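Open the model in your viewer and follow the stops below. Each stop says what to select and what is there.

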Amino acid sequence: MADLAKLVDDLSSLTVLEAADLAKMLEEKWGVSAAAAVAVAAGPAAGGGAAAAAEEQTEFTVVLASAGDKKIEVIKEVRAITGLGLKEAKDLVEGAPKPVKESVAKDEAEKLKKQLEAVGAKVELK
């Protein structure tokens, strides 16, 4: 049990990008997809009202499509939005398209989109 507690502590100290890399590595190692498991679990819960749920979307993902010409300004803005360190924010911007923030309300998503577009980034809401 002590090993499990240490593992929990180690995983808790990971950054968001490190956790995403870990998930990819585990998916490759085990030959599974975490996204598929989530989709299967969410499928029966949505039932026949999937079309209605799509129309009334309340949570959005802000996706950085590209950094544009002012990459440094975009990195600064991503750091302000996410609280990531310089290296993590730089990796996120250079790895575009990548999600900047997930499961946010429509108003906040629109605000974040405007912030990023103001510094020259191309942003999508999903």
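Select helix H5 (residues 71-82) and helix H7 (residues 106-118), whose axes come within 9 Å and cross at roughly 155°. Helices here are DSSP runs of H or I with at least four residues, and strands are runs of E with at least two, numbered from the N terminus. The axes are lines fitted to C-alpha atoms over the stretch in contact, and angles run from 0 to 180 degrees between N-to-C directions. H5 and H7 are therefore roughly antiparallel to each other (the term covers angles over 145 degrees).

This is a predicted model: local features need pLDDT of at least 70, side-chain atom pairs count only at pLDDT 80 or more, and totals for chains, interfaces and linings use all residues. Residues are numbered from 1 along each chain as its sequence is written, and side-chain values use heavy atoms, without hydrogens and water.

Glu-77, Val-78 and Ile-81 of H5 meet Leu-112, Gln-115 and Leu-116 of H7, where contact means heavy atoms within 4.5 Å. By class, this contact of H5 with H7 has 4 nonpolar, 1 polar and 1 charged residues.

Now move to the largest pocket. Select Val-16, Leu-17, Ala-20, Pro-99 and Glu-102, which lie nearest its centre among 16 lining residues. Helix H2 (16-30) and strand S2 (98-104) are the elements that give two or more residues to the lining of this pocket. H2 provides the largest share, 7 residues. The lining divides into 9 nonpolar, 1 polar and 6 charged residues.

Definitions and conventions. Parallel < 35°, antiparallel > 145°, perpendicular 65-115°, else oblique. Nonpolar A, V, L, I, M, F, W, Y, C, P; charged D, E, K, R; others polar. 1 Å grid on protein atoms, 1.4 Å probe; cavity = no way out; pocket = protein on both sides within 12 Å on 5 of 7 lines; lining within 4 Å.
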